[in-house]
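This briefing is meant for someone meeting the structure for the first time. Please look over the sequence and the model before reading the notes that follow.

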There are 2 protein chains.
Amino acid sequence: MGRRGEHSKSEIECMALEAAEAIIESEGYDALSARKVASAIGYTVGSLYFVFRNLDELVQRINGRTLDQLYANLIEALSDCRLPQQCIYALGSAYLEFAARHPHRWRMIYEQQPRDDNLSVDIYREKMERLYELIEIQLKALAVGPEEEVLVSARALWSGIQGIASMNLGRIPNHEEAQWAHKLSRHLISHYLVGMGTSEFKSVASQPVGQVIDYPK
Amino acid sequence: MGRRGEHSKSEIECMALEAAEAIIESEGYDALSARKVASAIGYTVGSLYFVFRNLDELVQRINGRTLDQLYANLIEALSDCRLPQQCIYALGSAYLEFAARHPHRWRMIYEQQPRDDNLSVDIYREKMERLYELIEIQLKALAVGPEEEVLVSARALWSGIQGIASMNLGRIPNHEEAQWAHKLSRHLISHYLVGMGTSEFKSVASQPVGQVIDYPK
DNA sequence: CAATTTAAATGAACATCATTTAACAAAACA
DNA sequence: TGTTTTGTTAAATGATGTTCATTTAAATTG
């Protein structure tokens, strides 16, 4: 049969990714299968393997897109705040909101990591690093302690927020659990900031107002 | 064929669990299969279904045992410390050590949660709660802030440590990464404790004990 | 001790899965 | 026109979880 030229290779690629994301979003990762994706876009299994080396490649592409969306949401969240402290709270909230809105795809980021493909691994690391940078920038703006301490702080805080999301969104979250996660997040951040000696109150006193931070990208 | 009485039902159960754990420990969860477990204990596939309703039940039994082992390790760690602050550090370290020593089984706890079985879900929750309690006890000993605050603190801290483990032990960890995780953990805990006004150093010095910050929103 | 019941264990069958392969059709190019 | 390249399919392969009719041996009964 082999009708041809209906869609370009990259069109099929895009259709497949969107179809797969739809399946994952509604039924979860376990419900994903090559056959299901193929039939959803009106093709057969083999065609998928013409576009993707294997299912893992498709999964990694989806993870890449999810990480990009997450990053975009975090950047977006930064537009509503000025003080570094506020920005850190905003980043935490935006992260939790994203995780609650897309629980399955969010879980995939951590659970379905690239098998051994070096290219995918590198892209992964880079996209993850970008997330850390967002908090690093805010911590640098607070300018407390030595430079290297900032790297540690950023990772500690970010890991903490990730852990909160992981605990509360183990399964599909209800609204109450989502609020609970936000509460934990604010709690953790505030205590951490006070521990750094940069709590909101302190900073208003000492931090120069109007200091503008430029975000990457 | 069908010779009988070689092993009791509970013996087979135990053998299967141990064989499955060995497979997971060395090859990871994805390498687990009913046939592999069966042949490892000298039986055939069908026999497994005589003991377990399905593979998920076997997985949940393993998770239960892992949670018990983790709990035992944490209790063990508490015997080396006296001050609540020290105990919290010790709990964090012990958790990270366990996660690094059994990365596959540790991941399973979070990734392979019970499908829908109500019994399994309840047991799960209970075993998880037990872990929280260990930190709650220490925080109560510090006796800072209202009672309800302790619940939040325990979960925030514990989630933070879990997040650190999750970030650093995404795959099989090398020794350097494990040390990095411990550093992050100590960092997070110490800042958090200072933020509570209960750190060893600072509480003596300046911070008024019990000062509570209100968070934005 | 022989007959019968019952529990234990098997291995084949089923449906589904990811992945590979060979065949084939249509477009592109000569 | 014929040849090559490219897109597409159907079928084949081998592994998976799960079910089930059947067989085997121990336990129980008469």
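Predicted model: local features only at pLDDT ≥ 70, side-chain atom pairs only at ≥ 80, totals over all residues.

In which helix of chain B is the place of B:His187? B:His187 lies in helix H9 of chain B, which covers residues 175-196.

**Chain A as a whole**

- Chain A holds 10 helices and 0 strands, and from the N terminus on its elements follow the order α-α-α-α-α-α-α-α-α-α.
- Chain A has 217 residues, of which 36% count as buried.
- When contacts in chain A are taken between residues at least 6 apart in sequence, 63% of them join residues that are at least 24 apart.

**Helices H4 and H6 of chain A**

- Helix H4 of chain A, made of residues 55-78, and H6(A) have axes that come within 9 Å and cross at roughly 110°.
- An angle from 65 to 115 degrees counts as roughly perpendicular, and H4(A) and H6(A) are therefore described as roughly perpendicular to each other, with a crossing that is left-handed.
- On the side of H4(A) the contact is made by A:Val59, A:Ile62, A:Asn63, A:Thr66 and A:Leu67, while H6(A) brings A:Arg105, A:Met108 and A:Ile109.
- By residue class, this contact of H4(A) with H6(A) divides into 5 nonpolar, 2 polar and 1 charged.

**Helices H5 and H7 of chain A**

- Helix H5 (residues 84-101) and helix H7 (residues 118-142) of chain A pack at an angle of about 160°, and their axes are 9 Å apart.
- Because angles over 145 degrees count as roughly antiparallel, H5(A) and H7(A) are roughly antiparallel to each other, and H5(A) passes H7(A) in a left-handed crossing.
- H5(A) takes part in the contact through A:Pro84, A:Cys87, A:Ile88 and A:Leu91, and H7(A) through A:Leu134, A:Ile135, A:Gln138, A:Ala141 and A:Leu142.
- The residues of this contact between H5(A) and H7(A) divide into 8 nonpolar, 1 polar and no charged.

**How the two copies are related**

- Chain A is superposed on chain B, with an RMSD of 0.1 Å, by a rotation of 180° with 0.0 Å of shift along its axis.
- The two copies are thus related as by a two-fold rotation axis.

**Where chain A meets chain B**

- The contact between the chains takes 29 residues from chain A and 28 residues from chain B.
- On the side of chain A that touches chain B, at least two residues each are supplied by helix H6 (103-111), helix H8 (147-168) and helix H9 (175-196) of chain A.
- The residues of that side of chain A divide into 12 nonpolar, 12 polar and 5 charged.
- Of the interface residues of chain A, 86% are also interface residues in chain B, so the copies meet through the same surface.

**A closer look at B:His187**

- Leaving aside residues up to four places away in sequence, B:His187 touches A:Val152 and A:Ala156.
- B:His187 has 19 C-beta neighbours inside 10 Å and therefore counts as partly exposed, since a residue is buried if 20 or more other C-beta atoms lie within 10 Å of its own.
- B:His187 and B:Tyr89 are 98 residues apart in sequence, and in space they are 9.9 Å apart, C-alpha to C-alpha.

Key
Residues numbered from 1 in each chain as written. Chains lettered and ligands numbered in written order. Contact = placed C-beta atoms within 7 Å. Helix = DSSP H or I, 4+ residues; strand = E, 2+ residues; numbered from the N terminus. Nonpolar A, V, L, I, M, F, W, Y, C, P; charged D, E, K, R; others polar. Axes fitted to C-alpha atoms, helices over the stretch in contact; angles between N-to-C directions. Parallel < 35°, antiparallel > 145°, perpendicular 65-115°, else oblique. Left-handed = near helix turned anticlockwise from the far one by under 90°. Least-squares fit on C-alpha atoms with pLDDT ≥ 70 in both. Buried ≥ 20, exposed ≤ 12 C-beta atoms within 10 Å, placed from the backbone.
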